[in-house]
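Have the model open while you read.

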Amino acid sequence: MLRGQHALVAGGALIQAASVTKLYRLHSTNQTLALPTRANFASFRQFRSLAIRAGTAEPKQASQAAGVGSFKTVRVHYLNPSASVEGWHLRIWGPSCPQETEDKGPLQPTGQDDDGCYWDVQLIPDHNKVVLNHWLGLEVEKGGEPSAGGGMTEIMNNTSQLWMVAGKNEVAATRPTVAAWAGTLSESAAHWVASDLIAWRAPNAFQDSQSVQYALHWSASASLSITGSGLEGADGKLTLEPAGKKLPKQLRQKFPFLDGCMLFKLPSEAQSQVGDLVQMQLAIFAQKSPGQPLAATGIQMQGVLDEGFYYDGPLGASEGGGGTHFGLWAPTAQSVELLFFDGPEGAPAESQPMSKGPAGSWTFQAPTSWLWQYYKYRIRVYCPWTQKIELVEATDPYAKCCAADGRLSQVVTMDAEEMQPAGWSEHHHPPRMTPTDISIYELHIRDFSCWDESVPAELRGKYLAFAEQASQGVRHLKELQAAGLTHVHLLPAYDYGSVPERHEDQKRVEVKLSQYPADSEEQQAAVLAIADQDAFNWGYDPVHFSAPEGSYATDPDGPARVREFRAMVKALHGLGLRVVLDVVYNHTFAAGPSSIHSVLDKVVPGYYHRRTESGEICNSTCCNNTATEHAMCERLVIDDIVHWAKQYKIDGYRFDIMGHLMVSTMKKIQDALAALTPEKDGVDGAGLYIYGEAWDFGEVACNQRGRNACQLNIGGMGLGSFNDRMRDSIMGGSPFATPKYQGLITGLSTQPNWFTQGEMNASAQAGLAAEYADLTRLSMAGNLKEYELETASGKRIKGQELLYGNLPAGYTEQPSEHVAYTSCHDGEILFDQVMMKSADDVSLEERCLTHSLAQACVLFSQGIAFLHAGDELLRSKSLDRDGYNSGDWFNRLDYSGQTNNFGVGLPVATKNRESWPLKQPLLANPSLKPSPELIAACKQRFLVLLRMRYSSPLFRLPSSAAIQNQLSFLNTGPKQVPGVIVMRLQSSDAVNSSTDGIHDPNLREIFVVINSRSTEFQLRLPSGCGNLQLHPLQAASQSSDRSLRGCNITADNAVISARTAAVFVEPR
């Protein structure tokens, strides 16, 4: 069935409906019914009559057709003993609702009983049913606000009564017990936000009642339970006094999502017991009178823990007191033991109780002889996920070194000889550079050498491969650095949980995958069969933030992972390249009391992760979102960032899903790094560059949890963010849309593919292409808020006034905040995008030129140029849209240039099966697989583009003022030629002026022309141009690069070949 279509299948007939949303399989028949919500029932009503006319409903007798027959009546009870009948209404809809009843609107209660109110609802006669049983939508509301129900309910033929409960979606055919409807302790919908205040969005059915009593209950043994008599099993309770619904300003800023909750004041005796209470099971309980419970819920404690238990002492295992000091922050723990192990495996050799210290800390002092021993903690703690007191074993959140698979932490000292490669103590960071001079090469550590036969077998896929000076990969990095590349961004290299770290535990594909056809399913089936046990994963699954990943070390147990990571950094620095670490502080790989990969949530359950208002862990990032807005989680992140800078001499950080961290946290990170100096710390922290994914989505979107570090919030902070406006306008669509959508350089309006032609007429294509051109121009100008440009409409507006969907397109205040990119590890990489978006009649050589155009747009943009490893070699992942777990086979990176990995089988079904029909013909076409000669040509073209970026400071303007004054565009407005971007850069004549702009000592001005058309483009040069010529680097390449042979310039005109980026310069 096509996406977006819905149907009723009854008696073998299929009838399509326009807007029905959910499919249910009726348990007693083979019929499938698409069930409506109240909002879409109008469509369902039409479709029910269609079913009857189609003969799929039960036939009627003549009298029945005339409306003769009895209506079925059902009594609907609303369990809400604290509220009166007044103001409550019942909305009904659905296939069993008589049309005249629905048209009346919300129903007044029929009567009232001890439970609350009830309605007697008439259904259509049984003989008019379309399917076996009745289906009815039910929702109780007051003043337009729903209180119960909201969905469809199946009403069996023998059902005469239904029950709905305040605050619940479920509808029951038997009266719920008091325990079943008075609440659940599996939720934690109340929030202890300060020592004297609890917030709870109690069900609106009774929150305004004056007769309701509220109390805080606690149990040290987690024995609380709801029964018909109320909340039982408590060790004690205290009465809570309602305190309105307005949070104090400071708390409203910290917990904006709790605005409007009922507030409860704690008595002074509770405030004096906070240290004990946070170690127990807690619940808030509401009742009308004894024996009449109304609601109960567990309590989240993040606020009170932040207020009263912030700890600034040493955490983890550190030198001090003449030995090793162990510190663990666990304020909710009832007891903590330290377990010591003689080796990386086996049973503990010793157990020591830890002492309870200030602010929720637990400490132990060990002798110096315990250096290099392994350890973990045994913690007795209440767990909200199980509602039990759990005895868990957890590794150290601050572990700096681990046993294999992170099963144990290790006592280490970072200055020990065992932890350092030769020359490390004398090794220094490369000097600070201007941020806009940065270009970044995104690289996976295993990809770098896994397939490189010039690397010793035991070092392939390892940290030490970067020190193999004669290897193909290192030689390639030298070439890139010589052309201007400045930074290597390493995908996650902290200790992550998705790969077995011991070589002997890693599974391998045993069959020869190259024997199968280019479009076969066999390769992906073999890869998926071992995907969770092989050596490959991107690594966005953090377990220990402060320890290097062990699978990249020659020995995953102990110091080798630290020493060899440092050797890798030192080797890259030796090549003249700076190192960026990909950090993932927005989620953890695991949570809960059971997984060996759960660390933070074992130590302080429910604290380190961001939770919904009712208490579940948020998972918008993929899984187990962390709550870095909580004070001790924020401290962990800041401590970790400083640790990597000081101990590993990292030069920058790429923050995964940075938008899920708060602006205040990112500012503290910047301040902590800026405080690091070469004299004191061995690092110039202010020179470290920070950038990330500043997307705004999930539970933090629109500042729901505070001011988050999204694109629209971080302008002016100096943080870089990836520019999705550029990516989508140049390539087309988005990572979440069909890959057939075209963009500015992939053929929209100029050479549309079959999909584009089916979606839009020529006029619509031209209009969208013009919008994309505006977005591309703004992006190439640094995506600045204040940059002024002429749009396709002819209006001159600022970047923040140009729209990207319904958002401002421009969001940066300085070019250093702009990360220009079209391809990264996420989604289909550049070559694969071009393959899928190009029209069928575009040749492979032409597609490769399009590929280079995308790189040119990035490299000639103001800001930071971001490049994915292998894009310069036409790298393919065989059209895989999400290769995070697709093994070495689909992620192959061949620095020999003999293959680009296109056509090595259909990509893995887990992420690509729906698009196999689109991808299979492309993979099967041998004419689309690049030859080594074509790969080499693309690489050389890329190196020329990179060298040109660094040939003039005008490509790397450092300020918004310089861009506004020295960068402009031609071919704009309503009469522009589609598919062409013309950028003009003019040098300041003042050599040392801080106000007149940037001076290029060699060039007066530069024209960059991006011609994505399938034909050549002639540019009429503006008057006043000097003696322009093709850039010397491109002129030197004309004999080898056929795309440049047609490029030439006269006094009045410049000619640019099809699908070519040409640069014309005026020398001084």
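Before we start, a word on accessibility: a residue is called buried under 20% relative accessible area, exposed over 50%, and partly exposed in between. Keep in mind too that this is a predicted model.

**Charged pairs**

Side chains of opposite charge can pair when their charged atoms come close. The count here comes to 41 salt bridges. Three of them are set out below.

| Salt bridge | Closest N to O |
|---|---|
| Glu813 and Lys785 | 3.3 Å |
| Arg941 and Asp1041 | 3.1 Å |

Take Glu813 and Lys785, whose closest N and O atoms are 3.3 Å apart. This pair ties together distant parts of the chain, 28 residues apart: Glu813 sits in the loop between β42 (807-808) and β43 (818-820), while Lys785 is in the loop between α19 (762-780) and β39 (788-790). Why does Glu813 count as partly exposed? Because its relative accessibility is 36%, which falls between the 20% and 50% cut-offs.

Now for Arg941 and Asp1041, joined by a salt bridge at 3.1 Å. Here the partners are 100 residues apart, with Arg941 in helix α25 (residues 932-949) and Asp1041 in the loop between α27 (1032-1035) and β50 (1048-1049). Arg941 is buried because its relative accessible area is 16%, and Asp1041 is buried as well, at 9%. Elsewhere, salt bridges with shared partners join Glu337, Lys376, Arg378 and Glu393 into one network.

**Cysteines**

Cys824 counts as buried because its relative accessibility is 10%.

Cys938 has its closest cysteine sulfur in Cys848, at 6.1 Å, and that is too far for a bond, because a disulfide needs the two sulfur atoms within 2.5 Å. Cys938 is also buried, with a relative accessible area of 1%.

**The domain in the record**

UniProt, in an unreviewed entry, lists residues 497-897 as "domain: Glycosyl hydrolase family 13 catalytic". In the model, that span is 30% helix and 10% strand, and its end C-alpha atoms lie 32 Å apart.

Notes
Residues numbered from 1 in each chain as written. Predicted model: local features only at pLDDT ≥ 70, side-chain atom pairs only at ≥ 80, totals over all residues. Heavy atoms only, no water. UniProt positions renumbered as here; feature names shortened; annotations may be inferred. Helix = DSSP H or I, 4+ residues; strand = E, 2+ residues; numbered from the N terminus. Buried < 20%, exposed > 50% of the residue type's maximum accessible area, 1.4 Å probe, protein only. Salt bridge = Lys/Arg side-chain N within 4 Å of Asp/Glu carboxyl O.
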